[in-house]
Amino acid sequence: MKTKLFFLFCLLNVSIALNAQLPKWILGSSEQTASNSFHPLGVGNLMFYEVNFNGTLTSTQRIIGNSIQNIKSVGTQDVMQTAVDTITNTVLFYAFIPSLGPWNAGFPVVQPDTVYFAAYNTFTSADEVFGKVPTDGWGASVIESELVRKPGSSSEYYFIYKTQATSLYNDNIKYVTIDAVNKTVSVPINLVSSAKSGEGMAVSQLNCTTGQRWLFITRPEPNGDITLRRCSITNTGISTPTDIYTISIPGNSTSVVAGVEISPTNNYLAVANYNNTTVTKNMILFDYNNVAGTLSNERAYTNQSTYPFVTMEFSPNGSRVYILQGGSGSVPTVIYNCPVVSTNYTVTSANQMTGMTLNSSLTLELAYDGKIYVNPGQSSNFMYIINNPNSNSLATTTTISNFFGANQLLGSGFPDQIDGDRNSAGTINISIASTSTTICAGQTSTLTASGATSYQWSGGSTATSSVITVNPTATTTYYLHATNGSCSANDSITIQVNAVP
């Protein structure tokens, strides 16, 4: 007879670390065919793919209902955002914009965009539209957007979007509130009305003490300088922008498009100076203070090739910055892997990544698995993967062919995430450690929670302390809801109880 000595403790330290970023993305289909011609304007051109980064990387085509199938378009534009419940790993809803013509230029007539919000509908067993935001103004093309959970809320989101108002460089910036449970969309509120602004937007991580985030936008100045502007995001709304810093760029183009990015480590902010003028500031890097929303120690990254930078992405540990050069067919599209430094830096061919063929690519994004994904551009069926972004390695690998399904092509955009956010409710990272997850009947186990300031257990205990001793009579799961100021997170641990042999 075999004797199982369960009373001999196997000391396990169980700690569940919640990853930053969204575990799932919703991506849209291309506006173009495999031969690089545009789809004819009509119904049936919209398709969406759910990419799951939690575990083995997979792509699944979403089932869409009539409310989406009947929308006239040539495909989806590059601005798409996804709301995900990171506890259950389910998509709550997503925002998409049908493209109404080649690059939505609307030849010969400018056609305005409409932002649609869609979610899975249990009655039709498919994704259906539950709300929309019609845009107005000249062209009214939605050229930048952000989706952020309302601070202190478990189900409401702010969708912030920029449209062209009266001309190519004169814009409106508005936001709506979306209730992910009741599937409602509020009336738009103006943040900027008919004013010049760059394409860049960035939202900071949530400050647990103040209960607010910061929204950063840019304004190109008549002399080529770039002014950074800041809005406060709280549970009562988003404030109008205030100017906080002007970057002096002598000789810069007056029609500059400036992108903004905040590092996952929450201590750097970068601005891409996208222009066709030879200048010494192609990207500007700052030290960033998330409490005050302030910038310091300006330094410039100068592109030795003189081509403009369109966007950038930081590595998970903030030691590297990946800079995308391109944005148009007249500019060679390449990616540079550069160190994050405290002084001025010159970007050379020695920083250029290898193994990628990019066609006017506009997007690279840090994902849930800690890798950076690169969208090759319109009419692609795969993504490039930078496998170890914290390294100075210049090598990459590609995904399998037909990643999105046979003959299915990807649009040019990825979701614009809030880098570094660790969970759906805030930015704290809690964990539970146990002296043992397997005990015999009659024995105890001590559970220790960390990462927050207050704790509430449920399931097998109703205690409110960080350390509890449990004595379950049967296998039991203990659930934890932890908070730190306005931030909260959930975790659980199961204690297996075996009969005494």
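**Notes on the model**

1. With -95 degrees about the S-S bond, the link between Cys208 and Cys487 is left-handed; a disulfide is taken here as a pair of cysteine sulfur atoms within 2.5 Å. Cys208 lies in the loop between strand S13 (201-203) and strand S14 (213-220), whereas Cys487 belongs to strand S36 (residues 487-498), so the pair ties together parts that are 279 residues apart in sequence. Strands are DSSP runs of E with at least two residues, numbered from the N terminus.

2. On provenance, this is a predicted model in which local features need pLDDT of at least 70 and side-chain atom pairs count only at pLDDT 80 or more, while totals for chains, interfaces and linings use all residues. Residues are numbered from 1 along each chain as its sequence is written, and side-chain values use heavy atoms, with hydrogens and water left out.

3. The structure holds one disulfide, and its S to S distance, from Cys208 to Cys487, is 2.1 Å. Both Cys208 and Cys487 are buried, where buried means under 20% relative accessible area (1.4 Å probe, protein chains only). Cys338 also counts as buried because its relative accessibility is 0%, and Cys440 is buried with a relative accessible area of 4%.

4. Strand S36 returns in an open sheet of four strands, whose order is S31-S36-S35-S33 and whose pairing is mixed; two strands pair if DSSP finds at least two bridges between them. The edge strands, each pairing on one side only, are S31 (438-440) and S33 (454-458). Neighbouring strands of this sheet are turned by 30 degrees against each other on average, direction ignored, with axes being lines fitted to C-alpha atoms and angles running from 0 to 180 degrees between N-to-C directions. Three bridges join S31 to S36, and these two strands run parallel; Thr438 has Gln496 in S36 as its bridge partner.

5. Strands S2 (residues 48-52) and S3 (residues 58-61) run antiparallel and are joined by four bridges, with Asn52 partnered by Thr58 in S3. Their hairpin has five residues between the strands, and there Gly55 takes a positive phi near 100 degrees.

6. Gly237 lies in strand S16 (residues 237-238) and is buried, with a relative accessible area of 8%. Which residues does Gly237 touch, not counting those up to four places away in sequence? They are Tyr158, Tyr175 and Ser232, a contact being heavy atoms within 4.5 Å.

Terms used
Buried means under 20% relative accessible area, exposed over 50%, partly exposed in between (1.4 Å probe, protein chains only).
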